[in-house]
Amino acid sequence: MRGLQAAGGAPLTGDTVDGAAPAAPLAARRIGVLAVIAPIIYILDFVTKTIVLKTLEGKEPFVVIPGVLQFRVIFNSGAAFSIGTGMTIIFTIVAAAVVVAILRTARNLRSLPWAITLSLLLGGALGNLTDRVFRWPSGFGRPSPFQGHVVDFVETFPGHFAIWNVADSAIVCGGILAVFLAWRGYQIDGTRDTREEKNDG
């Protein structure tokens, strides 16, 4: 068993018997985490966008902390934090591809940290993808399909930082976590790549 762990990585979870994780039950639990957190993020993003559209669209910013935080509705044709405006269709395709890739990857999901990471990415991607498909000026039957504008409304340090939404923050946090997990050698399947540590020893 130690030989197998050395070759494939050390298990990360406590759901093991003699070092070997029961794959099917563990995968089901991790996918369950994905199935709970991602919809929560999606619903939170959808609800907050709906509220600010009904209360703040076309109005002056709602100042929470002067010079630090305010709510102001804009329609963003670019990516997260208003990056790449004018490339809406490309970001729509990328968001759809991310959703498909995460769903395919979930079949091998055994790691709780990766389950949380993928949940953040999936919920955020679905939130902004919904805007691109259904909101103005996109939507079915409209002249520019799949080029809808994302609703952004959280403005931190007005005039010095981009305006964002719940989906953007989830995507960014998920991306940071993904980089950290990959750097530390944590794998989707619940193992950790320890080859570098062994070589250093």
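**Exercise 1. Find the residues that form the nonpolar patch on the surface, and describe the place of F157.**

Step 1. F62, V64, I65, V68, F157 and F161 together make up a nonpolar patch on the surface, with about 540 Å² of accessible area between them. Such patches are built from residues with over 30% relative accessible area and no salt bridge, where nonpolar side chains (Val, Leu, Ile, Met, Phe, Trp, Tyr) are joined within 5 Å and like charges within 9 Å. A salt bridge here is a side-chain nitrogen of Lys or Arg within 4 Å of a carboxyl oxygen of Asp or Glu, and accessible areas come from the Shrake-Rupley method with a 1.4 Å probe, for residues with only the protein chains shown as cover.

Before going on, note that this is a predicted model, in which local features need pLDDT of at least 70 and side-chain atom pairs count only at pLDDT 80 or more, while totals for chains, interfaces and linings use all residues. Residues are numbered from 1 along each chain as its sequence is written, and side-chain values use heavy atoms, with hydrogens and water left out.

Step 2. F157 lies in the loop between β4 (150-156) and β5 (163-164), where helices (H or I, at least four residues) and strands (E, at least two) are DSSP runs, numbered from the N terminus. F157 is partly exposed, with a relative accessible area of 45%; buried means under 20%, exposed over 50%, and partly exposed in between (1.4 Å probe, protein chains only).

Step 3. Most residues other than glycine have a negative phi. F157, although not a glycine, has a positive phi of about 50°.

**Exercise 2. Locate the residues covered by the UniProt annotation "active site", and decide whether D152 is buried or exposed.**

Step 1. According to the unreviewed UniProt entry, the annotation "active site" covers D152 and D168. Although these residues span 17 residues in sequence, no two of their C-alpha atoms are more than 8.7 Å apart, so they gather at one spot. UniProt positions are given in the numbering used here, feature names are shortened, and annotations may be inferred rather than shown by experiment.

Step 2. D152 belongs to strand β4, and at 0% relative accessibility D152 counts as buried. D168 sits in helix α5 (residues 166-183) and is buried as well, with a relative accessible area of 1%.

**Exercise 3. Work out how many residues of α4 are buried.**

Step 1. Helix α4 (residues 112-134) has 23 residues and reaches 33 Å from its first C-alpha to its last, close to the 33 Å expected.

Step 2. Of these 23 residues, 18 are buried, and α4 is therefore described as mostly covered.

Note on methods
The expected span of a helix is 1.5 Å times one less than its number of residues.
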